[in-house]
Amino acid sequence: MPKWDVCLGVKLVVTSKTQEFLDIVCAEIKYKKACTAIRKELRAHIEDHMFFLIKQCYFSAEEAEDEAIYAMGDPILLGQQLNQVHCRWKPILFQLLFSITWVLIFIILLFLIFIFLHNFYTF
């Protein structure tokens with residue numbers, strides 16, 4: 001459903017061109033749960049850019065949408081880059097590594113305390 005805003009008397013409409021762009025981007029993303037947030041974010045960037053172009057550069061709404069989509073770049077490349085960032089395993093790996101690090105620190109501290117106490121009581 002297109003979002004309607006009034007921008008200096010011009011109705012700002014995101015059409016099927018934007019939807020097609022967003023579909024191509026999301027097709028490159030393997031982690032589909034991230035697509036909703038990515039789609040929302042990219043759509044907001046396109047709408048902001050359209051608003052700026054209409055307000056500052058006197059573009060029509062259709063010209064502004066075309067220019068905003070063009071400014072976003074290649075949708076396939078953008079999707080591939082976002083796919084690298086929004087990997088489903090990164091949060092899990094980060095948590096796992098974080099937990100392992102703290103367990104190792106705890107074990108090292110226990111070992112050092114044991115050595116200190118052993119040396120202290122042997123004298």
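Which helix is Thr 18 found in?

Thr 18 sits in helix H1 (residues 16–27); helices here are DSSP runs of H or I with at least four residues, numbered from the N terminus. This is a predicted model, where local features need pLDDT of at least 70, side-chain atom pairs count only at pLDDT 80 or more, and totals for chains, interfaces and linings use all residues. Residues are numbered from 1 along each chain as its sequence is written, and side-chain values use heavy atoms, leaving out hydrogens and water.

Thr 18 has 0% relative accessibility, so it counts as buried (under 20% relative accessible area; exposed is over 50% and partly exposed in between, with a 1.4 Å probe and protein chains only). Setting aside neighbours within four places in sequence, Thr 18 is in contact with Ile 46, Glu 65 and Ile 69, where contact means heavy atoms within 4.5 Å.

## An aromatic pair

The structure holds one aromatic pair. Phe 98 and Trp 102 form this edge-to-face pair, 6.3 Å centre to centre with 70° between the planes (ring centres of Phe, Tyr and Trp, its six-membered ring, within 6.5 Å; planes under 30 degrees apart are stacked, over 60 edge-to-face, the rest tilted). Both lie in helix H5 (residues 89–122), four residues apart.

Conventions: Helices (H or I, at least four residues) and strands (E, at least two) are DSSP runs, numbered from the N terminus.
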